[in-house]
Amino acid sequence: MRVLGMISGTSHDGIDVAVVDFRLVGGLLEGRVGHTASTPYPAELRARLIAALPPARTTLAEVCVLDTLIGQSFADAAASAVALGGPVDLIVSHGQTVYHWVEGTHALGTLQIGQPAWIAERTGVPVLSDVRIRDITAGGHGAPLVSVLDGLLLGAHQGGAAALNLGGIANMTVVSGGELYAYDIGPANALIDAVVTSRGLNERGFDEDGRIAASGRVAERLLEVLLDEPYYGLAAPKSTGKELFHLGYVEAALAAAGHEVSDADLVATLTELTVRTVARDVRAAGVGALVVSGGGCRNPVIMDGLRAALPGVDVAPSDDYGAPSDDKEAIAFALIGWLTAHGLPGTVPGGTGARAARILGTLTPGAGPLVLPAPVAEPPRSLVLTR
């Protein structure tokens, strides 16, 4: 079964796609990764999206417009992926998260926009969307959903392993001794990107190759204020997002620190915040390997910082495990689509905190009748990805 996975993550900079051809052989699921791509949002759409995100005020009219414009952007990316990568049986669209409702230690709701009907109309292929909410209704956080992929890829790793995704938010899946748990650690690039964008430090909207951070020095007083965030002390499972970690959060921390910080020093400090919070949790997990993906793994300041802080841990990109680091989340949502189509849960309770695993998503039919493959009685025990 060929599945196209699509996602725009918490950096809300564009749409990642991956076509994966899945084949179940006994208890082993084989996934051949075909066409992958990343399509940036049009500049005006990204600016409009950023302007509508919390803590900004917006209107239902603006949400409706963004739902349509993002849905059309996803439809364009899907049509391109099919044209370049060949026909697919199912498309999975995560859409764009615009709000993740968490109170205390409980997730109460989540909203991803990007109307899937635009994708189905453009491609004629059925679309699975709205994949997070079913887990929340079962008491989970609806995140990190990539943990189902991590568990299948890393389950046999000797000495235990952790999979770290460094997107806007850093999330980690720990697989050790036959057990799995996962949660959001805190900001990875969210605060860095917010500062780079708001202060016009470059045209890319992120600290490319860590150059800005490398040119600055860590402001220790500011770092102390940032590390005092109560979220870091919450027990897993837990989830967070830009509802908490946004530009206003940085400005409040600067005010609390009580002194001026240069742009370069601010970016260096926010980068060190990511290193410190991630390294602390990896040490606590006691694993021997850290498998890293997401945009942050292209930042040498973050990666060098993690290797220095974790001398006994093998820190490597997810590419070494067959999951290209830039495409891993899109691959994960393709996997969720395969699981849903075959009547299998797309979550691991230890990964989200739900009472039990759930089959995920809502299906939008394509051009013809909606026909699903025969159900599979038992979930795969492991996954091997190849190109």
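Where is the place of aspartate 209? Aspartate 209 sits in the loop between helix 6 and helix 7, helices being DSSP runs of H or I with at least four residues and strands runs of E with at least two, numbered from the N terminus. The structure is a predicted model, in which local features need pLDDT of at least 70 and side-chain atom pairs count only at pLDDT 80 or more, while totals for chains, interfaces and linings use all residues. Residues are numbered from 1 along each chain as its sequence is written, and side-chain values use heavy atoms, with hydrogens and water left out.

Although aspartate 209 is not a glycine, its phi is positive, about 60 degrees. Its relative accessible area of 39% makes aspartate 209 partly exposed; buried means under 20%, exposed over 50%, and partly exposed in between, with a 1.4 Å probe and protein chains only. Helix 6 (residues 190–198) has seven of its nine residues buried, so it is largely enclosed by the rest of the structure. The buried residues of helix 6 include Leu191, Ile192 and Val195. The buried residues of this helix pack against strand 8 (169–176), strand 9 (179–187), helix 7 (211–214), helix 9 and helix 10, where contact means heavy atoms within 4.5 Å. Glycine 200 follows helix 6 and has a positive phi near 60 degrees.

Serine 262 lies in the loop between helix 9 (247–257) and helix 10 (263–285). With 39% relative accessibility, serine 262 counts as partly exposed. A polar atom of its side chain lies 3.1 Å from the backbone nitrogen of aspartate 265. Serine 262 and glycine 216 are 46 residues apart in sequence, yet their C-alpha atoms are 8.2 Å apart in space.

Aspartate 130 is not a glycine but has a positive phi of about 55 degrees, and it belongs to the loop between strand 6 (127–129) and helix 4 (133–137). Aspartate 130 is among the residues touched by glutamine 112, as are His94 and Arg132. Glutamine 112 is part of strand 5 (residues 106–113) and is buried, with a relative accessible area of 13%. Its side chain makes polar contacts with the side chains of threonine 97, at 3.0 Å, and threonine 110, at 2.8 Å. A polar contact is a pair of N or O atoms within 3.5 Å; within protein, one must be able to donate a hydrogen and the other to accept it, and residues adjacent in sequence count only if both atoms are side-chain atoms.

Two cis peptide bonds occur in loops. One runs from proline 54 to proline 55, with omega near 10 degrees, and proline 55 lies between helix 1 (43–52) and helix 2 (60–85). The other runs from alanine 236 to proline 237, with omega near 5 degrees, and proline 237 is found between helix 8 (220–227) and helix 9.

Helix 12 (residues 328–341) has 14 residues, of which 13 are buried. Just after this helix, glycine 343 takes a positive phi of about 75 degrees.

Key:
The expected span of a helix is 1.5 Å times one less than its number of residues. Lists of a residue's contacts leave out its neighbours within four places in sequence.
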